[in-house]
Amino acid sequence: MIFPARTLTALIVSVLALVGTFAAVVLPGARAGDVSDGGTPVLTPHAPVVVIGTQGLRWQDVRPDTTPHLWRLLDDGAPAGGITPAVTSASASCSAAGWLSLSAGRTAITGAYVDDVWQCAEWDLVAEGTGARLDGWAGLVGLQADSEFRPHPGTLGAALASTGECTTAIGPGAALALASSDGTVERYRAPEVVQADPEDAFACPLTVVDAGAVPYHRDPTADAERVPIPADATADGPLRDTELQRLDERVGALVEAAPSEAFVVLADVGNPAPGRRSLGVGVVVQPDAAEGTPGYLTSGATRWLGVFRLLDVPTTLVRTAGAPIPADFTGASIAIGDARPDGSEETTEQLAALSIRDDTLRGSSGVMTGVPTVLALAALCIIVLFLPKWQSAGRNRSPVPWERALEVLLLWCAAASPAIFLVGAVPWWQWGNPTVGLWVTWAVLTTVIAGIGALVPRRPLWAGPALLAAFTFALLTIDALLGTPLHRASPLGAAPTLGGRYYGFGNPTYSVYVVAAVLAAAGLATLVTRRWGKVAGAIAVVLVGGVATFVDLWPTLGADVGGALVLLPVFAVLALAALGARVTWRRLLMTAVGGIVLVGAVGIVDWLRPAEHRTHLGTFVQQVVDGTAAEILLRKAGYAFGSLLAGPAAWLTLVIVVWIALALYQGSRVRAGWLEGLTKEWPLLRPALVSLVLAAVAGGIVNDYGIRIATQMLFTAVPLVALGQLRRISSS
């Protein structure tokens, strides 16, 4: 029999748990936040378009009493989605941020720190004949030199002008969005013209309207001394409800005044003086909407059902106008994805829940990974420093209770890693208190998985750690094949309210995945080698490594450029060790080159697809072609280096990684007797740890996450290694 009865039971329970998890994710039907495989374009090419921009309008604000016009649009079947704002850090407090980002097609800077206090750049609109001029435009453009994204305001206006068709800006924000590179607006109208002369206001194929703002209060925990709270900021309550009603009336009047043949795009361009970040309101009124089930808005840039980026708006407008997409633009076209609920109430609840869920996840990720890591490190220190002394001293007080307590703790810490992804299968955010819902769900799932790990016999000592690693590896592999629904709903997943990476494996998930893959491969190879020899063991490592590399790299799965560059040499070390061959610098270099070639080949394949469907790999190839790749690599290198200055967690991680590397190096004077004893009973653990050190160091270099890659790896690796050491000592 290959597996003992208890191990076989644990395997069966693990498989059932995985099947049940993904059944819970896949079967319920489409809902906001699900994986989107694309959709139909929301705008018809060359059709007239009216863009109504608001500021500070969240899905939590949409209610039948305060926003009846918006509510009616949803009842009428308008496609809807949440908008990720294109503003970052202190610029979010400036009213120009979202509008200027629309103009550039990239996130723009709209202020600067003066004497350590943030000041929004001053600008004003000066009407000139039928057009307008932006006073202070040169200052806004000059600020972009300090931006990591190097935006060029005026790009949208220039692209639209190339079609020869006119555009109309109504209101100051709209003038910012449609301004040319010199800060002039060819056709400008004051807001009151909409009602007085709608035919003139909407005479052009594209009209952009600044409908006004509902400033939201800043989070009281924010540094108000460095970023002052604007005088017009409001908080939740009657005052904000009044402002919402006024904004809703303006929006309703604009929709009513728009030409019947025009598409009306309602888009929130940002949240001045924001509190906690939320997705803005996005709705599209279609002139020829067919009867049927309404849909959620999405885009190829997010692949989230019900989520698109503000930076997708300029791409969509330029494509609709028939102009070439500027190279500066980073967005994709907005599309209508799967069906949304017919009712306005359920639609708004689902879209608002995305912000609530995301805010809860961001506030918990550090604790959920940090606490198990610290507890596992503390347990490992006790196991290494004290447990052998207690055994050798022969005291009357038996150390067995301590051993059992430490084992339970380490099983729980090891189970925390897969549980942090499994929480996405449970709708905890629907609880009255989402924070409590998340923590209870995570604690229960962690305990259940720890129970599965406890079913595995203590001998061989590698069986328990390898099974838990294999469980995590299988979980994330299947998740990737389904479009990463668990990853995106986990504390380590993407943050739709912040932007950045929306699909594939991010750096934290890569960190967990590589540890799980390597330790699972080491366990499987150990089992296979004992029954069929070294060649079979090496083949087992290659198979696991091949699956991991494919999943992490492939554009429709992990789409992880940096991680895929590292995985080939990482698994080469383990495969050579399983084969009994030496790991030489030449062999390591050859596999590293192979990784670069592989990533490059897949990147070119992705690049050959239409720009609309490219992922991070194809986009990077295009950046190489454009000559902007070096700038991006330098920026990422700066992030990676800066991570070393992130504080105690980064410094402790660096010490641990250096110490492990020295302890594993044959010629080093640093010795770890406990590690040598552990690797004698599990010979493939030493090369596995070498592989993980390589994954941490190389992964930190090629990714902008830096030393945090290693920090997240410790979260998964330390409990598993400590569990193996505890079982070695307990049975000795």
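Tutor: In this predicted model, the largest cavity holds about 120 Å³ of space. Its lining is made up of 15 residues, and those nearest the centre of the largest cavity are P85, D268, G270, N271 and S278. Sorted by class, the residues lining the largest cavity are seven nonpolar, five polar and three charged. The second largest cavity has about 40 Å³ of space, and its lining consists of A414, S417, P418, L468, A469, T472, A516, T716 and L720. Two or more of these residues come from each of the helices α14 (400-422), α16 (463-481) and α27 (708-730). By class, six of the residues lining the second largest cavity are nonpolar and three are polar, while no charged residue takes part. Over the whole structure, the search finds six cavities of 30 Å³ or more.

Of the 37 residues in its lining, V573, V583, L588, V690 and L694 are the closest to the centre of the pocket. The elements that contribute two or more residues to this lining are α18 (507-532), α20 (561-579), α21 (585-607), α24 (648-664) and α26 (685-702), and α26 gives the most, with nine residues. The lining of the second largest pocket divides into 29 nonpolar, five polar and three charged residues.

Note on methods:
Residues are numbered from 1 along each chain as its sequence is written. This is a predicted model: local features need pLDDT of at least 70, side-chain atom pairs count only at pLDDT 80 or more; totals for chains, interfaces and linings use all residues. Side-chain values use heavy atoms; hydrogens and water are left out. On a 1 Å grid over the protein atoms alone, a cavity is a set of points where a 1.4 Å probe fits but cannot get out, and a pocket is an open set with protein on both sides within 12 Å along at least five of seven lines; lining residues have an atom within 4 Å of a point. Helices (H or I, at least four residues) and strands (E, at least two) are DSSP runs, numbered from the N terminus. Ala, Val, Leu, Ile, Met, Phe, Trp, Tyr, Cys and Pro count as nonpolar, Asp, Glu, Lys and Arg as charged, and the others, Gly among them, as polar. Grid points are joined across faces, edges and corners, and a volume is the space filled by probe spheres set on the points.
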